[in-house]
Amino acid sequence: MKNITRGILFCVVAFAASFSYGGQEPSGVAAVNVALKQNPKKKAVTDAQGNFVLSALPAGSYTLFVWGPSAKDLHETTGSVMIVATSYSIKVEGAKRSANQNNLSSDKLIAGVDIPIEVGPSGNVRGRVLAEGLKKFVWVPRMPNTNLPGHWAEEGSAEAVPSHNVTEIKRKDMLTPNR
């Protein structure tokens, strides 16, 4: 009951903080692997909100190994919009002391991060992997009559403006009055 009350209070505070500061709440990262170095069979994968749980651990000292999939390991197709994080953070709770790793680059997360923890008598460790500094990219299709392939560009950048929105004005159009 105490843990449920704490969980509800945490959600209310996090929800209120995102409104009071007007900032964008970091989003959870799915498909990140979490395992105990001392027992690699004891592992979890983050859900769509970036949450993970390792339960029924005997009390003691452990090292969590957290690593994310590389782009080639993801088989999900993308549409015309992609969200990319500039950094990641890992928050671990349920241990005797909270553990945090902040400002991790994509390369660091893919390579893996060691997080030492102390598990108490409850034996449950939970955490969350968050993406921060989100940037939106849009797909810019291949330009007609060029050899330039399609590519991703940051939304709002000059190259993200679709070429079909630019009207070509010819000299004769400038000289001919509209009728």
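**Figure 1. Confidence along the predicted chain.** The chain of this predicted model has a mean pLDDT (the predictor's confidence in each residue, from 0 to 100) of 76, with 72% of its residues at 70 or more. Over residues 1-23, pLDDT stays under 50, and the model has 3 contacts beyond four places in sequence for this stretch; a contact means heavy atoms within 4.5 Å. Residues 164-176 also stay under 50, with 2 such contacts. Residues are numbered from 1 along each chain as its sequence is written, and side-chain values use heavy atoms, leaving out hydrogens and water. Because this is a predicted model, local features need pLDDT of at least 70 and side-chain atom pairs count only at pLDDT 80 or more, while totals for chains, interfaces and linings use all residues.

**Figure 2. The chain as a whole.** Here you can trace 3 helices and 10 strands, which are DSSP runs numbered from the N terminus (helices H or I, at least four residues; strands E, at least two). Along the sequence they follow the pattern α-β-β-β-β-β-β-β-α-β-β-β-α. Among contacts between residues at least 6 apart in sequence, 59% join residues at least 24 apart. Of the 179 residues, 25% count as buried; buried means under 20% relative accessible area, exposed over 50%, and partly exposed in between (1.4 Å probe, protein chains only).

Figure 3. Leaving aside neighbours within four places in sequence, I115 is in contact with Y62, T63, L64, V66, I90, V92, A99 and Q101.

**Figure 4. S89 and its partner E132.** S89 sits in strand 6 and is buried, at 0% relative accessible area. What does its side chain contact? The side chain of S89 makes a polar contact with the side chain of E132 at 3.2 Å. Such a contact is a pair of N or O atoms within 3.5 Å; within protein, one must be able to donate a hydrogen and the other to accept it, and residues adjacent in sequence count only if both atoms are side-chain atoms. Not counting residues up to four places away in sequence, S89 touches Q101, N102, R128, V129, L130 and E132.

**Figure 5. Two tryptophans, edge-to-face.** The structure holds 2 aromatic pairs. In one of them, the rings of W139 and W152 have centres 5.3 Å apart and planes at 70°, so they are edge-to-face. Rings of Phe, Tyr and Trp (its six-membered ring) pair if their centres lie within 6.5 Å; planes under 30 degrees apart count as stacked, over 60 as edge-to-face and the rest as tilted. Because W139 lies in strand 9 and W152 in strand 10 (residues 151-154), the pair ties together parts 13 residues apart in sequence. W139 is partly exposed at 39% relative accessibility, and W152 is partly exposed at 28%.

Figure 6. Most residues other than glycine have a negative phi. A56 has a positive phi near 60° and lies in the loop between strand 4 and strand 5. N103 has a positive phi of about 55° and lies in strand 7. A56 is exposed at 63% relative accessible area, and N103 is exposed at 65%.
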